[in-house]
Amino acid sequence: MKLQFKHQQFQADAAWAVCEVFAGQPIQSPDFRRDIGIADPSVYQRTFGEEGIEKSRELDEIGYKNNPIVISEDSVLKNIQRIQRTFSIEPSLKLEGKYNLTIEMETGVGKTYTYTKTMYELNSRYGFTKFIIVVPSVAIREGVYKSLQLTEDHFAEEYGKKIRYFIYNSRELHRIDQYTQDNGINVMIINSQAFNARGKDARRIYMQLDSFRSRRPIDVISAVHPILIIDEPQSVEGEATRERLKKFNPLFTLRYSATHRRDQTYNQVYRLDALDAYNQQLVKKIAVKGISVSGSTGTEGYLYLDRLNFSQSAPPSATLEIEVKGKSGVLKKYLTVSEGYNLFEKSGELEQYRGYVVSEINGNTNSIRFTNGNTVSAGVVQGIVNEEQMRQIQIRETITTHLERERSLFYQGIKVLTLFFIDEVAKYRVYGDDGEAKTGEYANIFIEEYRNTVKNFELTLDDDPYLKYLKDIQVDKTHQGYFSIDKKNHFVNSKVKRRETISDDVSAYDLIMKNKERLLDFQEPVRFIFSHSALREGWDNPNVFQICTLKSSSSDVRKRQEVGRGLRLCVNRNGERMDTSVLGSDIHAVNLLTVIASESYDSFARQLQEEMAEAVADRPRIVEPDLFAGKTFIDAEGKSVTISPDNARKIYNHLIRNNLVDDNGTLTDQYYSTIQTGTLPLPEDLKQFSTSVQTVLGTVYSPQAFKPEDAGRNPIIPKMKTEKLEMKEFKALWDKINKKTAYLVQFNSEELLKKSIASLNEHLKVQKVAVTIEKGVQIGHILDKKALCMGEGFEKNSSETIQVDVHANSGVRYDLIGKIGDATKLTRRDIAHILKEMKPEVFSQFSNNPEDFIIKASRLINEQKATVIVEHIEYHLLKEEYDTKIFTDHGLKRGNLGDNAIAVNKCLYDHVVTDSLTERKFASDLDTDTNVAIYVKLPGGFYIDTPVGKYNPDWAIAFYEGTVKHIYFVAETKGDLSSLQLREIESLKIHCAREHFKKISNDTVRYEVVSDYQGLLNEVMK
């Protein structure tokens, strides 16, 4: 994979802002210089005698430097003030240094890309060629270097040249000569410790070195007057560092960060803060799955309420984990409970559960109540819980969240990654005395929980391509640790220096940074990454969708830090960034970052909102007329218009009347809902300023803007709106599609039998039974009877999985012909003929695994059946019809708001639960089209009989009378029809659906397979 990069306006704006500071500066090619020499030429005189001075000039008369700024300081200040007014930044009263410029950019929006583009623009406009990027750590240094590698072709295509870049190394000083002697764009990357520490390597930059022709590296560097770019200055610029930075003799300094210190925000010329990034949909949305502990007094039994389950066809239930008495001791077990369920009885009469009988399952509060008065909420652990139990729950929840997200994005070619942060390597990997690596505590928990979760997840999938992808990944291959590495090639805890919070160990970053693209490839099995918490700023991959911090919380760890590594918008398998240009306004349906936190959702959300409020402290807090008065908007003809106080009041009153702003001047939930679906409504005479007003409102801070979603704890079961059943449009629609049919097929039976036999002989591969043999040794010299009974007297030291010949139990009789006949709808005679004509070595696989043989043989026969009968099927109308009871009697799919469920207005139900972003966008487009009267995503009880199984169509849609000639029925919404290769069985079902609807409606119902709503409209207009 190769990552693709796009030209984005905000990055161009940031580069323009920096360049415009020096408007009026003439463009100049870099001069060949003769003043880059040694600090003390007398050194050569002592070495070479009287000819020493000439010798020094001969050696050092090569070099290029940035030309000086020739425009006046007054002009620079006026330029800065003009730029600040353009971007609604408080104008500076004076120049703060010569010259210091601040650029604020939120984490995850492409800060490195932006200042790389800025270097190109500065070179293009003014001829500047020498740059130094100063970073606070090895992690960021390696990230910058990797970014320059990834973007060099992209920028070369735009600017026709490439940057020459290198990492400063005090042992490779010849790179400095190359840097000064080249007249192209040259960049040196240096971490602050390389010139600001007490070690010998850090001091070398200030020393006269024989290996550097008795010159001081700092003198050679400073002579070119480089432009300094400081990445994360709040972490770089201590008092001592600021003094040392002056020794570089910079032409000017650019400071880039998301979290500038207020006392070091010099002459800010551009701002894209957390509020801007979220409003402009440049980062992922954050969701939180909180896990908290209550009632740890020891008087209550262990309880963990995983989730509530709702269905319209069954009473509500809950998935609850409790302790139960087993043969070898007490163990934890998941139970599905409903009202009247007695935990005391089901636990094996463990005393701590006496009185715990479920009395209420409450979907409104997401909790269950017991007859003893106790209540537990979803995501809450009750009772005495040790750290291991909490970590096990966190890991389990993380894996579940990963699989749910992974399946929804699989069909869009987006690989999903999950990141675990831990404090201690030994929790993941341990080494024996012989140096052999073994899995640590967290790795063991992960392996166990992954296998169990995948096993349960597979039960919900049916012949799904994602299921094959999931089964093909081995658990031991799908998790990996990225840590520092010692001389024995062992993982070790990262080296964190005193008074610092991130590691500067080079070995910790090689694998992370060099494999960024490989990790995004579906062929790479690694999906779960364990990394040291000290590497937080070093990890950077756009497809991190889950972050789980398996460590104790502390006051110095900020939530913005925890979520920062997953904020970047994701990319698909082609390296294409999934932003608004691809996804439209529904970008967060794909770009959702879930944090699995060891605290309650409320606690995490509150702290995150407080930190965000602190980050945008200078933003307006309320909406009032003065917010608009005096602002310059662009009218319909492209002219600048200053908003008068009267029009400002008119805009404000309109927002109040339409419940977009409340009486306190706070933006409402309805405002955020409105801007997600379309343009902000304004009075007719001010409608042309809608975009400008929305931009101004985007500068207003509201806690709602940063409120993360409550992930997975807000179950939605769509509820039918009974009044919609009475709409004339729905009645007309239902009258046309509620007919039932039966099919009749006439085809060449002999052709089908031949094709089935050939397919089975070539493709039938039955999975042999595997047996795992594990060996263990007794622990210690004294056999502890209790430990032996608990299974703790032995320790596993090896494991081997082998293929064995296992034959079907002669005591179990299989109706092989009948089973395959039921699955394929062929006669027993035809099935018997197929089995008889199979190659003996292929048929003999039946004895190895009868169940697998039946499943796979039936599927292969059905595939051949699809190719033979598709042209010969006929549907006949029956007297029987579907009743509207199917909309209430059949259980509807459960969803989660903000994930796969959306609230809707024109649907028969109040919510639509979708299987993909394509479906979600399709439903959203349906809901906002004024031509649509009503639509419904049909329940499973509505189906068409086909020779290869029941077929449940997706959508039924009715348009208002007079809009179009037909009532349309859309069976499938496929994301990309041009590249879609429908499986043979799926193609048959679609063909059957077309024939069915032709028969029941005489072509008044149109059945289509479309990629999106626009595709449907194209069909409507035909």
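**Close-up 1. Strands S15 and S16 run antiparallel and are joined by four bridges.** The model shown is predicted. Strand S16 covers residues 367–370. Isoleucine 361 has isoleucine 368 of S16 as its bridge partner. Strands of a sheet pair through backbone hydrogen bonds, either parallel or antiparallel.

**Close-up 2. Three strands form an open sheet in the order S15-S16-S17.** The pairing is antiparallel. Strand S15 (358–362) and strand S17 (375–377) are the edges. Each has a single partner strand, so one side of each lacks a neighbour in the sheet. From one strand to the next, the twist averages 15 degrees.

**Close-up 3. Helix H30 (residues 828–837) has buried residues Asp830, Ile831, Ile834 and Leu835.** These residues lie on the same side of H30, because they cover an arc of only 130 degrees around the axis. Arg829 and Lys836 are exposed on the other side of H30. The cover over the buried residues of H30 includes helix H27 (749–763) and helix H29 (816–824). It also includes helix H31 (840–843) and helix H32 (850–869).

**Close-up 4. Tyrosine 450 and phenylalanine 528 form an edge-to-face pair.** The structure holds 45 aromatic pairs, and this is one of them. The ring centres are 5.8 Å apart. The planes stand at 80 degrees, over the 60 degrees needed for edge-to-face. The pair links distant parts of the chain, 78 residues apart. Tyrosine 450 sits in helix H16 (residues 441–458), and phenylalanine 528 in strand S25 (residues 528–532). Tyrosine 450 counts as buried because its relative accessibility is 3%, under the 20% limit. Phenylalanine 528 is also buried, with a relative accessible area of 0%.

**Close-up 5. Phenylalanine 922 and tyrosine 1013 pair edge-to-face.** Their rings are 5.8 Å centre to centre, with 80 degrees between the planes. Phenylalanine 922 belongs to helix H34 (residues 917–928). Tyrosine 1013 belongs to helix H36 (residues 1013–1020).

**Close-up 6. One aromatic cluster includes Tyr450 and Phe528.** Phe420, Tyr428, Phe446 and Phe530 also belong to this cluster.

**Close-up 7. Lysine 332 lies over the face of tyrosine 302.** The distance to the ring centre is 4.5 Å.

**Close-up 8. Lysine 937 lies over the face of tryptophan 955.** Here the distance to the ring centre is 5.8 Å.

Technical notes
Residues numbered from 1 in each chain as written. Predicted model: local features only at pLDDT ≥ 70, side-chain atom pairs only at ≥ 80, totals over all residues. Heavy atoms only, no water. Buried < 20%, exposed > 50% of the residue type's maximum accessible area, 1.4 Å probe, protein only. Helix = DSSP H or I, 4+ residues; strand = E, 2+ residues; numbered from the N terminus. Arc of directions from axis to C-beta. Contact = heavy atoms within 4.5 Å. Pairing = 2+ DSSP bridges. Axes fitted to C-alpha atoms, helices over the stretch in contact; angles between N-to-C directions. Phe/Tyr/Trp six-rings, centres within 6.5 Å; stacked < 30°, edge-to-face > 60°. Lys NZ or Arg CZ within 6 Å of the ring centre and 35° of its normal.
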